[in-house]
Amino acid sequence: MMGGEHPGQGAPEASRAEQLHRRFEKIWGTPPGLAQLSVVNHSNVSRRFIITGFVFFLLGGLQAMLLRTHLARPNNDFLDHEVYNQLFTMHGTTMMFLFAVPVLEGIAFYLLPKMIGSRDMLYPRLSAYGYWCYLFGGILLYSSFVVGSVPDAGWFMYVPLASSEYTPGLNSDFWLLGITFVEISAVSAGIELVATILKARAPGMGVNRMPLFAWYMLVTGFMIILGFPPLILGSILLELERAFGWPFFMVGQGGDPLLWQHLFWLFGHPEVYIIFLPAAGIVTMAVATFARHPVVGYSWVVLAVVATGFISFMIWVHHMYTVGLPQVAQGFFSAASMGVAIPSGIQVFVWIATLWLGRAQMRVPMLFLMGFLFIFVLGGLTGVMLALASFDWQVHDTHFVVAHLHYVLIGGMLFPFFAGLYYWLPLMSGREYSELFGRLAFWLLFIGFNITFLPMHLIGMLGMTRRTYTYPEGLGWEIINLISTVGGFLMAAGVAAFVMDLYLHYRFGQRATANGWGAGTLEWSLRHPAPSYNFISLPQIRDRYPLWQNPKLPQELAQGQGFLADPGRGERETLGTSMLDAKPEYVVRLPRNTYLPLLLALATALLFVGLLIKQYWLVPMAAVLMVAGVWCWLWDRGIKQAPLVVDAGQGLTLPLQYSHPRGPGWWAMGLSILADLSLYGSLLFGYLFLWTVAPAWPPPDFGALPWLVPSLGLGGLILSSVAMGWAGRQLRVGSLPRLRLGYGLAILLALAYGVSQVLLLRDAPYGPQQHAYGAILHALVGCHLLHVGLVVLMACFILARSAYGYVVSDKPMEVTNVSLFWHYVVLQCLVGYVALHLLPLLM
């Protein structure tokens, strides 16, 4: 059966389906030529993520092969020590930051709307902006090769090695700024994932009917939102230290290098599960299909995934056993580290039970799944070993840890990644893959992987440290390193076989049949390849496996027998539904293709380039361009002439999202606040950590900060929050003049608070370069000033919109969002006041 056809579909029905398909393609289709740079559709953006991530994977793999070639022989001079350190750093950085997370985000972007019955992600332009930030951040990082300043302090950038004293060039700056740029993309993806899963599911798809992959990505999205800001903050603090001499990590001036380790691993250990959980979601979806049986223990899997997310934030010190922690702390984190094996074990047993109850078909995706199970279980066993502090002391920083890391991350991510690609390739391309090349790729990868990394456990036990540049003969390492190198080349051959299979697949592959796997989830109801709009009409869901429950569903949706089946309005529309039971709440009008995400990402890139090359006059210029870009971005939301309600089909009339106070914009604001709260909380953590742990605290001749002017400023800021609330109530009764009066008063009070903070810094007893106290003081106050500046800009935006007639009482979303952020900023500044003025008195 050819792609795009559905079994049992008669000629009249097929003709109607084709007519609807052509009409929807006019609205959602991809333009030709350079205009493709403006595309924001999730299918196109996700492919860019996957392809770019795979290119970085090949680059990281090439670096790994150079390292393995060098270690194959003792006293090898294939690489010098400087190049070795650069390749070691860039290999880990590439695989962790530029491949693993972005490529899994790309898979999620592609699949989730199709799985949950939506036509797109809720914020298509945000997805596109995230991709450009990812691409430009990766290019910025790799441009270090061009200028000869490649990062060489390790992919974890430990200080003081990464500080300006020991790495004086731009090497570490490339890493800090490039990775921060990339992580803007990651946080935006987390916001996109959470909001789409919670608010854009098909009617009837309550949380108890969501595909398990959506549960995995929901938890992953929250983990990204909470887990990435600590590293962003750490990178900012280290760059401030390197560029301006703010001594956050300098022991002699009140700093502490352990603060960097805490901030890094507050991100780093959740990062392991941010990589693992999407891969495990792929496994869960494919296992059910190949077993021809629903996943056993749906609720147990959900609880295990949520528990994994919670526990992952409790065990970051697992990586810091050797830094001199108290015995009580080591015992707690050791127990918590072993505890995470429980939810992981539940998932493994669920997969085994599902396969046991079904009849597994050993096709290529299933081979990769079985390889994953074998490798991941071995990696989990060594993980429990490393959770024991006493054992970790013996193998810390050896190749035993390298082997464990690769068993967990490559076994736990790469094999499911290949399984998912082979599983969903017919949906993405409309063509079949080669069973022969697929099996060849699997066996080369599986055998090569185990030959490469299994011996590393032994060589680690024999004492070979992870950053060993070269080694003499006679230590018993020679043959083991040679075996590992041979395995590495087998893995490279497996990757080459996969690339060849991919080329043959797109060049000569046979047309795929509709739902050739006989899967039960919603994405397989689509044409092959999936169209840009996904669904001609949106379904009503009554089961976790809707295609098994109703095999005729693809034909019904293609004939327009669902929601939003009329393309006559010429708009890109999908449904917004309630969070728990997915009842339709509003129609979401999505933006068309636009160059704004690309232009905004270019302005962001200019800011990072200015910081990198120390041309700081570029920074305010870039900031102005970014503000202008965001202003244009938001200006066309809430179109004046847009109707309040529209026909959603199936006898249902719904409001547009502009008229709903809890529309997509409210969710974006709330999740952005959550990410910002994680960053600010990390900054407060750093402040308290230095107060309680750093040896040179409090600073000499420490005295209380001036309190009168900051107290008056804070009181005015609290009153501004009251004014904002009053202005919002005036809008509800239709009084725009009073709305403007309330906003004007709030702006003046916020500016007065900003002046009070500037005066506080002027009169502070320590400058930012004198002592870590002065540095953290300026960082906290600077954070407050930045946020107050943002709320003032937001208020000015609302005033401008009200002058042009966009802000009206029946479209309150913008005012609600600004008010929400304003109250958050006031609360943040209040907490900062307590930390800076009252807490030192208690200390």
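Guide: Welcome! A salt bridge here is a side-chain nitrogen of Lys or Arg within 4 Å of a carboxyl oxygen of Asp or Glu. The model is predicted, so local features need pLDDT of at least 70 and side-chain atom pairs count only at pLDDT 80 or more, while totals for chains, interfaces and linings use all residues. Residues are numbered from 1 along each chain as its sequence is written, and side-chain values use heavy atoms, with hydrogens and water left out.

Visitor: How many salt bridges does a search of the whole structure find?

Guide: The search finds 13. Side chains of opposite charge can pair when their charged atoms come close.

Visitor: Why is the pair of Asp173 and Arg242 called a salt bridge?

Guide: The closest N and O atoms of Asp173 and Arg242 are 3.0 Å apart, and the rule asks for a distance within 4 Å, so the pair qualifies. Asp173 belongs to helix 5 and Arg242 to helix 6 (residues 212–244), 69 residues apart, so distant parts of the chain are linked. A helix is a DSSP run of H or I with at least four residues, numbered from the N terminus.

Visitor: Which residues lie nearest the centre of the largest cavity?

Guide: They are Leu212, Met285, Ala288, Thr521 and Tyr545, out of 16 lining residues. The volume of the largest cavity is about 110 Å³, and helix 7 (residues 257–291) gives the largest share of the lining, four residues.

Visitor: What are the two domains, and where do their bounds come from?

Guide: They are domain 1 (38–508) and domain 2 (694–842), with bounds from an automatic or database domain assignment. Their C-alpha centres lie 38 Å apart. Counting heavy atoms within 4.5 Å as contact, 10 residues of domain 1 touch 13 of domain 2.

Visitor: How much area do the domains bury between them?

Guide: About 880 Å², 65% of it on carbon and sulfur atoms. Buried area is the accessible area (1.4 Å probe) that two parts lose on being put together, summed over both. Trp246, Gln253 and Gly254 supply 48% of the area that domain 1 buries against domain 2. Across this interface the rule finds zero salt bridges.

Visitor: Which residues does the cis peptide bond with omega of about 10 degrees join?

Guide: That bond joins Val159 and Pro160, and Pro160 lies in the loop between helix 4 (124–147) and helix 5. The bond from His528 to Pro529 is also cis, with omega near -5 degrees.

Key. On a 1 Å grid over the protein atoms alone, a cavity is a set of points where a 1.4 Å probe fits but cannot get out, and a pocket is an open set with protein on both sides within 12 Å along at least five of seven lines; lining residues have an atom within 4 Å of a point. Grid points are joined across faces, edges and corners, and a volume is the space filled by probe spheres set on the points. Helices (H or I, at least four residues) and strands (E, at least two) are DSSP runs, numbered from the N terminus.
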